[in-house]
Amino acid sequence: MEPIAQSLLYLDNISVVFDGFRALNKLSLTIEEAEMRAIIGPNGAGKTTMMDVITGKTRPTAGEALFAGVHDLTTMDEADIAQLGIGRKFQTPTVFDMHTVEDNLLLAVKSDRRAFANISWRRTSHEKARIGELLERIRLKDQRHRKAAELSHGQKQWLEIGMLLAQEPRLLLVDEPAAGMTDQETADTADLLRDIARTRSVVVVEHDMQFVRDLDVKVTVLHEGSVLAEGSLDQVSANERVIEVYLGR
Ligand SMILES: Nc1ncnc2c1ncn2[C@@H]1O[C@H](COP(=O)(O)OP(=O)(O)OP(=O)(O)O)[C@@H](O)[C@H]1O
């Protein structure tokens, strides 16, 4: 099939109506390959609903959503969309507390091959190498033998990001990664995401403006289900409509 859109993610005129309430209102947004984008906006702006549409959790009432120019996300279910290479990280980490950091990653690496039901704890040299790379990437090499339960909140978030990376997503959606983190963890998380975005696309929904500043990427401001402004954080922060929306709430 010829791609209809060149962008990795192409949302065009997406609306989502719940009982007459427009959670998304003709939202259009594109994300390029290996681009990181920060999405901000006041409560109720539609950020979560947008992520739900991309992952197939919510069906849009109208509009187009294409992945890699050919896959129509509006007709696919959540499992198929995950399989396409769209990973989502929710705010609360869902790691296996009683397993070690390393075994959590092993589980994720194995589930990649759909061997989840019949897991063998023996690891192949390929898996060992993958786990080593992931541990390095998520900065948890020294914690590899600790149980996930013993990690700090920030470290748990990184472990979960590592588990998502094990599945080699092309697009990673991350919901408020900095919430509840220390200043140091927040800065380290920005570094980690920037590192990931060298090879994958990342969409980050975030309220913490210092964190958005650290990310240093293009920002999209949502308001009442549509894009209100787009640009650098400095540009959107100086936008009068954005100021009005943030101060007026
Ligand atoms: N399943 C649903 N049924 C009815 N209304 C919904 C549903 N899901 C979301 N909404 C409404 O849609 C609007 C957009 O919500 P959404 O959660 O997408 O906003 P948000 O930008 O993520 O907000 P927050 O920053 O508070 O998480 C809200 O007013 C919300 O109450």
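Predicted model: local features only at pLDDT ≥ 70, side-chain atom pairs only at ≥ 80, totals over all residues.

Visitor: Which residues have the most contacts inside the largest nonpolar core?

Guide: I54, L105, L159, L193 and V204, in a core of 68 residues. Helix α5, residues 153-165, gives the most to this core, with 6 residues.

Visitor: And which domains does the core draw on?

Guide: It takes at least three residues from each of domain 1 (1-85 + 169-249) and domain 2 (95-168).

Visitor: Let's stay with L193. What is L193 in contact with, leaving aside neighbours within four places in sequence?

Guide: M36, V174, V202, V204 and L215. L193 is also one of the buried residues of α6, along with T186, T189, A190, L192 and I196.

Visitor: Where do those buried residues fall, seen down the axis of α6?

Guide: Within an arc of 165°, so they line one face of the helix. An α-helix has 3.6 residues a turn, so residues three or four places apart point the same way. On the other side of α6, D183, Q184 and D195 are exposed.

Visitor: How far apart are the end C-alpha atoms of α6?

Guide: 20 Å. That agrees with what you'd expect, because 14 residues (183-196) at 1.5 Å a residue should span 20 Å.

Visitor: How do β3 and β9 run, parallel or antiparallel?

Guide: Parallel, with 4 bridges joining them. I39 stands opposite T220 in β9.

Visitor: And β9 with β10, parallel or antiparallel?

Guide: Those two are antiparallel, joined by 5 bridges, and β10 covers residues 226-231. There, L222 stands opposite V227.

Visitor: Which residue in that hairpin takes a positive phi?

Guide: E224, with phi near 50°, in a hairpin that has 2 residues between the strands.

Visitor: Last one: where is T61 found?

Guide: In the loop between α1 (47-54) and β4 (62-67). T61 counts as partly exposed because it has 13 C-beta neighbours inside 10 Å.

Visitor: What is T61 in contact with, beyond four places in sequence?

Guide: S15, V16 and V17. T61 and S15 are 46 residues apart in sequence, yet their C-alpha atoms are 5.5 Å apart in space.

Methods
Residues numbered from 1 in each chain as written. Core = buried A, V, L, I, M, F, W, Y, C linked by C-beta atoms within 7 Å. Buried ≥ 20, exposed ≤ 12 C-beta atoms within 10 Å, placed from the backbone. Domains from an automatic or database assignment. Contact = placed C-beta atoms within 7 Å. Expected span 1.5 Å × (residues − 1). Arc of directions from axis to C-beta. Pairing = 2+ DSSP bridges.
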